[in-house]
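Q: I would like to learn how to read a model with several chains. Where do we start?

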Amino acid sequence: MIAAVHLSTDLTVWVSALLTLMVFSFLYRDNPFYKVAEHIFVGVSAAYWMVIGFWTTLWPQVIVKLLPAASRVTSPEATPGPADLTALAPLALGLLMLCRLVPSWSWLGRWPTAFVIGTTAGYGLVRYIRSDFVYQIRATVGRGLLPMADGRWLWQESLAALVILIGTLSGIVYFINTREHRGGYGRIAHLGLLFMLVTFGASFGSAVMARIALLIGRFQELLGDWLGLLS
Amino acid sequence: MRRRITQIILSTVALLLIASAFATRPSGDDAPVLTRLLAFCDQHFSVWFSVLAVFAFTLGGVNLMKTHWRKVRDRAADWRYSLITLVSFVTVLVVGLAKFGGPPGLQGDVTAPDGWLTGIFETVLSPLHATLYALLAFYISSASFRAFRIRSTASTILLASALIVLLGRIPFGATMTAWLPAPLTFLRMEDLSLWILKVPNTAGQRAIMIGIALGVVAMAMRLIMGAEKGQGGRSGE
Amino acid sequence: MNRIADILVRFESLDRRWIYLVMALAVTGALLSGLYFPDRPSDVVRPVYEHIEALPSGAPILLSLDYSPSSAPELEPMAEALTRHALLKGQPLCFISLWPTGNNMIARVVSRICTEEFPDAVEGRDWVRLGFQAGGEMLVNSLRDSLSARYELDMGGTPLSDLPALASVQGLGDFGLILSLSAGQPGLKEWILYAGDVLDVPVAGGCTGVGAPQFFPYYPLQLVGLLGALKGAAEYEAALAEGYPDDMPPVMRATRGMGPQAVAHAVIVAFILLGNLAILVARRREVGR
Amino acid sequence: MSAYVDPQTWNLLLVTIVLCGLIAWGILRARRGDGIRVRRFAALAEVERAVVAATEAGRPVFFVPGVRDLDNMQTVAALSVLAPVAAQVARRGGRLYVPTSRSMVMEAARDICRDAYAEAGRAYLWDDDQVSYISDDQLGFVARVDGLIERQRPGLCLFMGYFASESLLLAEGGHHVGAIQIAGTASPVQLPFFVAACDHTLIGEEFFAAGASLEGDRHMLGSLRGQDLGKAAAVVAILCGVLLATLAEVTGADALVRLHDAFMDIFRTG
């Protein structure tokens with residue numbers, strides 16, 4: 001089962017194994033190795049995002065649209081179409097955003113910000129009302145509290161519907177913020193809080209599996225790829 | 001004045017997009033101008049938004065460089081670490097923009113398997129990412145040790161629901177309750193844990209969702225009506 | 001008896017690093033011993049499998065890999081199982097991503113499954129790589145009516161109109177199923193809000209154990225089914241092994257990961273129970289005094 | 001009419017008009033000066049006390065406004081909590097650090113903090129670098145913030161806004177240096193970790209209300225009233241729907257079934 005140690009001879013495996021250990025060393029306490037890993041990470045990831053953003057989005061959506069001939073640079077066999085001047089708008093907004101780098105012009109950067117916020121607010125409003133309000137009301141109502149099939153009462157579905165109804169309603173009551181939680185009303189709100197605690201407990205329990213999976217992944221690489229201990 | 005322009009941009013964009021959700025799709029050129037305008041906005045604004053996201057990455061990157069460059073220049077505390085950030089940033093930027101490795105010149109995909117960027121991704125970024133996440137496995141074990149104590153009704157409920165879900169996910173939990181006879185099978189750990197997720201969890205999540213949906217609507221309305229102070233402070237206007 | 005109680009009481013203020021050590025040892029031990037447990041598909045996972053089985057042949061599936069290497073240990077087994085299923089069943093698969101790291105994640109799945117396990121499968125006919133573009137939910141939104149609004153070329157530089165896999169596809173509504181494997185936002189939720197509920201195209205997906213409880217309110221009205229965490233992946237592998245017994249490797253990736261999972265879970269449960277026992281003992285002593 | 005409005009969307013349009021109308025009504029009424037009270041949030045009462053304790057101990061305050069950009073409603077809400085917190089810290093002459101993961105958020109947070117310190121007459125204590133951009137990458141961000149927490153040893157950590165898996169990394173980091181921790185988020189996924197690991201947590205919508213009750217901003221308070229009416233409407237709709245559905249299912253009476261179908265048509269999906 002446990003084979004002898006076969007250290008990897010691949011340089012890249014060594015680099016990633018060492019970086020892995022440098023990060024794990026933070027579990028003991030903060031130390032220079034962790035700091036090195038942290039600072040490499042910050043630099044590499046910021047640049048990676050910029051590079052990916054440039055080639056996947058800025059290039060096709062702005063540069064190629066304005067200068068169709070540019071598409072030959074990345075794929076020589078492409079046939080450039082006509083220029084699309086609507087791409088000037090995001091380019092202009094983007095340049096305004098970069099004005100934030102110059103303190104005296106930084107106020108211009110608020111316009112693209114306003115566009116971004118306006119877009120999210122506009123799209124978000126309707127999408128949230130549809131998916132997280134209307135659909136949820138429909139789903140809670142379902143087939144009522146006494147669903148039947150072939151003249152038989154489906155008691156398990158019935159119980160589930162009742163629990164969901166009570167939990168959802170008392171939870172909504174908990175979130176009513178312009179009224180103090182007192183008396184009978186407060187007790188309903190408290191019931192809502194208890195339901196949410198069940199939710200949080202379930203989430204926490206479920207999350208454990210997620211986290212352990214990541215740890216297993218790292219150990220597989222350390223023990224397998226690097227030390228050659230796993231068959 | 002400047003502030004008013006900002007507000008006008010925000011409100012106009014938002015209202016156009018809200019209207020576009022209910023507008024009839026224009027069919028042909030004789031469709032009303034308004035519906036064609038709304039369709040144009042619906043189609044293009046999300047593309048523009050995405051382009052702006054890339055400009056935001058860039059703004060972030062340049063800011064990062066400014067901060068760390070200043071530290072290196074002033075020989076501030078820990079400036080050597082800042083130098084590491086600068087060097088790794090510039091290296092990846094050059095490698096990525098020039099598409100080193102991979103197909104000749106600037107051709108092909110930046111994430112081509114033999115490109116240097118992919119090499120950096122697999123040897124540096126990927127293990128750093130994954131290990132930082134894996135720290136969570138340790139943190140979640142110490143946090144659950146600390147947090148799941150029977151102190152009150154509330155914490156007991158939290159504990160019970162977490163334990164059932166935890167046990168329901170592993171074979172050990174299933175074996176523990178496998179002896180339960182036929183009418184009580186729903187109490188078996190794996191079924192009970194799925195029931196908790198499907199029923200009380202759904203209720204709690206739904207209450208949160210409906211509340212948040214209303215929160216989103218309210219925030220959007222405040223933004224459109226110019227009643228939101230949160231974005232951007234007050235100076236410089 | 002008293003000594004045990006003493007130890008227990010001290011246990012209450014245990015340095016967290018001891019917990020870390022025990023966890024590390026438990027996972028290492030479980031990995032080295034190589035134990036695993038087979039699973040069976042639950043009734044939230046099975047609908048995803050059955051939906052793909054019921055698709056008319058040639059109906060394309062959109063698979064969005066919305067994660068980074070950090071969550072890959074959980075979501076990559078799902079991506080592999082779903083890719084395997086689509087290729088076995090003959091549904092063209094279209095890879096896309098809302099996360100900047102997505103292109104590299106797509107590359108991994110393609111090389112491991114599409115090219116290695118299915119040497120006869122052809123890019124463009126059996127699978128397509130569209131890759132990442134910025135924008136998150138706005139990317140989903142702009143693909144609603146036409147994929148070419150954002151993707152003129154696939155990742156390899158071929159124009160979309162030359163790809164037989166997407167011959168029947170205009171916009172997102174023409175897919176037989178949209179699958180999102182999501183490690184957070186943007187991810188499955190955005191696909192539900194901006195594609196599924198708007199276009200009435202079936203959406204299903206997988207998510208990390210952290211995200212899973214959040215998606216139950218959407219099931220089954222807005223979500224065909226859900227693969228939650230490594231267990232969901234293992235359940236899907238079980239469904240595949242049942243449906244295609246001859247084409248599957250003996251033990252698949254997620255199933256193999258469930259052994260160490262079980263051990264680690266048991267360790268955490270033990271710690272929680274011991275911590276509570278410690279409190280009870282301490283409380284009893286206080287009462288005794 | 002159908003040349004302009006898609007008849008498929010009438011029910012959604014109706015719900016949208018009702019909800020937006022309720023909120024707009026709340027805001028407009030508040031503008032005219034109707035007093036609205038928000039219920040007490042235990043978490044917020046703690047903020048002021050914790051700011052005092054941290055400053056007296058000579059330890060800084062950390063405010064992390066989440067990991068999403070300004071386009072995320074939670075980030076906006078976080079910044080509206082930041083304003084009064086910055087004012088409190090400035091008044092006590094304390095140090096405030098705001099690490100951000102988006103450059104636009106950084107710009108906005110800088111404006112807010114600079115204003116707060118200036119208004120408290122302590123502009124000389126403020127340095128723009130106390131609001132820093134770290135990385136768009138959430139893990140790059142959290143790696144750095146955890147490092148900062150370990151080194152600066154804050155007495156109070158506020159985690160407000162959208163968080164993903166970094167919630168527990170941050171909260172355990174803060175716990176390790178013995179900081180008081182107060183969190184607020186509407187990310188349902190991360191709430192459990194904050195609830196388990198922080199001293200106080202603003203859950204979901206409470207978080208949106210928090211800014212309003214701290215600042216006493218009339219518009220915010222007004223929209224809260226509107227939101228609450230929206231919630232009451234949801235409760236009533238669900239109760240009516242369940243009643244009708246149950247009666248229709250049990251009796252099978254034609255009139256009831258039709259009434260139920262007509263009512264649920266408002267919440268038609270697909």
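Predicted model: local features only at pLDDT ≥ 70, side-chain atom pairs only at ≥ 80, totals over all residues.

Q: What is the state of the peptide bond from Q185(C) to P186(C)?
A: The angle to read is omega. The bond from Q185(C) to P186(C) is cis, with omega near -5 degrees.

Q: Which other residues of chain C does a cis peptide bond join?
A: Y219(C) and P220(C) are joined by a cis peptide bond, with omega about 0 degrees. P220(C) lies in the loop between helix 8 (212–215) and strand 6 (226–228) of chain C.

Q: Is A229(C) buried or exposed?
A: The idea is to count neighbours against a cut-off: a residue with 20 or more other C-beta atoms within 10 Å is buried. A229(C) is buried because 29 other C-beta atoms lie within 10 Å.

Q: Where is R153(D) placed, and what is its phi?
A: R153(D) is in the loop between helix 5 (138–152) and strand 4 (156–160) of chain D. Phi of R153(D) is near 45 degrees, a positive value in a residue other than glycine. With 17 other C-beta atoms within 10 Å, R153(D) is partly exposed.

Q: How many helices and strands are there in chain D?
A: Chain D has 10 helices and six strands. Its C-alpha atoms fill a box of roughly 75 × 40 × 40 Å along the principal axes. Of the 270 residues of chain D, 64% count as buried.

Q: What do the contacts in chain D say about separation in sequence?
A: Take the contacts between residues at least 6 apart in sequence; in chain D, 69% of these join residues at least 24 apart.

Q: Which domains does the assignment give for chain D?
A: A domain may be written as more than one segment, as here. Domain 1 of chain D covers 8–36 + 219–264, and domain 2 covers 42–215. The centres of domain 1 and domain 2 of chain D, taken over C-alpha atoms, are separated by 35 Å.

Q: Which domains is chain C divided into?
A: Chain C has domain 1 (2–36 + 256–288) and domain 2 (46–250). Their centres, again over C-alpha atoms, are separated by 39 Å.

Q: How do I read a contact between chains, and how many residues does chain A give to the contact with chain B?
A: The size of an interface is often given as the accessible area lost when the parts come together. Here residues are counted instead: 100 from chain A and 100 from chain B. On the side of chain A that touches chain B, helix 2 of chain A gives the most, with 24 residues. By class, that side of chain A has 64 nonpolar, 30 polar and six charged residues.

Q: How many residues do chain B and chain C give to their contact?
A: Chain B gives 42 residues and chain C gives 43 residues. Helix 4 of chain B gives the most to the side of chain B that touches chain C, with 13 residues. The residues of that side of chain B divide into 23 nonpolar, 14 polar and five charged.

Conventions
Residues numbered from 1 in each chain as written. Chains lettered and ligands numbered in written order. Contact = placed C-beta atoms within 7 Å. Helix = DSSP H or I, 4+ residues; strand = E, 2+ residues; numbered from the N terminus. Nonpolar A, V, L, I, M, F, W, Y, C, P; charged D, E, K, R; others polar. Domains from an automatic or database assignment. Buried ≥ 20, exposed ≤ 12 C-beta atoms within 10 Å, placed from the backbone.
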